[in-house]
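Me: I'm trying to get my head around charged pairs in a protein. Can we walk through this one together?

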Amino acid sequence: MSCNYREKLKNARRIVIKVGSSTLTHDNGRLYLPRVDRLSMTISELINDGLEVILVSSGAISAGMGKLNLKERPNVMGIKQALAAIGQCELMNLYSKMFSTYNQIVAQLLLTKNDVDDPIRRKNIENTFEHLLNQRVLPIVNENDTVSTYEISSLEQFGDNDTLSAVVAILVKADLLIILSDIDGFYNGNPKECSDYVLIDTVTKITDKERLFAGGQGSAMGTGGMVTKLNAADMVTKSGIHMVLANGKDPLVILDILKGENIGTLFVGKEKSSCCIDK
Ligand code: ADP
């Protein structure tokens, strides 16, 4: 029995969109303004159409590097945290300006893993999201780097923004998580290492085979690479949420994903894959 999983994405009403540093910044570390503008336009359009959107945005350290004219990402944790503090301000200032040209109000939420693990704090976060979404405000989420060392440490297994976006998607019971990166989707190996690797259209089950495909390292600008994206896919799909990994070079691609077009890689949410037999 064949099943067009992509068709189901047309029904997504509540969407979490995560953009990586590599999508938001030039190679020199500065924010790529035309892309931020197109992302703002696209998301504003979705909210105007009645969809509920949450944006999880990386890019604070890159924005801080750009502001201080630094050429290389520092290794010292305290300096990275200071850069994130400078850059987060810069990033939100930019989002606020860009979104206001499309009449869209934004809000900033800085979270740590401890916040989400604590039941009372978790409830507060849930309430804040619900109220913001009810008011058609766009919540923009990032990890609170001042108190959290997960995102900016070199540890890949936890605390990056891919994981954060999955945690948020589960928290708000989203229908779909879209992760925009610098790559067209999930390949059967790192395509930057060998051009023979091919793009996988749909993943219905994450097995050791997929984990092997994701084994490579991320880009210089990003922190997560494919391992954390696959982990995010594993987390959300187990909660019945679909995830699409796609190239963020043109954020308008989000509209095509929501039209059910074959863009990037679709990781099918668990219960939702029941109309097809997993191969
Ligand atoms: P972002 O900043 O968007 O989070 P990352 O640089 O962390 O992006 O991760 C994306 C990178 O992961 C790709 O540019 C690619 O080099 C690498 N990668 C490793 N394995 C794979 C794979 N199987 N499929 C696609 N990309 C892969």
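**Salt bridges, step by step**

Reply: The structure holds 16 salt bridges. This is a predicted model, where local features need pLDDT of at least 70, side-chain atom pairs count only at pLDDT 80 or more, and totals for chains, interfaces and linings use all residues. Residues are numbered from 1 along each chain as its sequence is written, and side-chain values use heavy atoms, with hydrogens and water left out.

Me: Why is Lys-10 called partly exposed?

Reply: Buried means under 20% relative accessible area, exposed over 50%, and partly exposed in between (1.4 Å probe, protein chains only). Lys-10 has 42%, so it counts as partly exposed. Glu-7, at 37%, is partly exposed too.

Me: How do you know whether Asp-115 is buried or exposed?

Reply: Its relative accessible area is 14%, which is under 20%, so Asp-115 is buried. Asp-115 meets Arg-121 in a salt bridge, 2.6 Å from N to O, and Arg-121 is partly exposed at 42%.

Me: What about Lys-229 and Asp-162?

Reply: They form a salt bridge too, with the closest N and O atoms 3.0 Å apart. Lys-229 has 7% relative accessibility, so it is buried, and Asp-162 is buried at 2%.

How values were computed. Salt bridge = Lys/Arg side-chain N within 4 Å of Asp/Glu carboxyl O.
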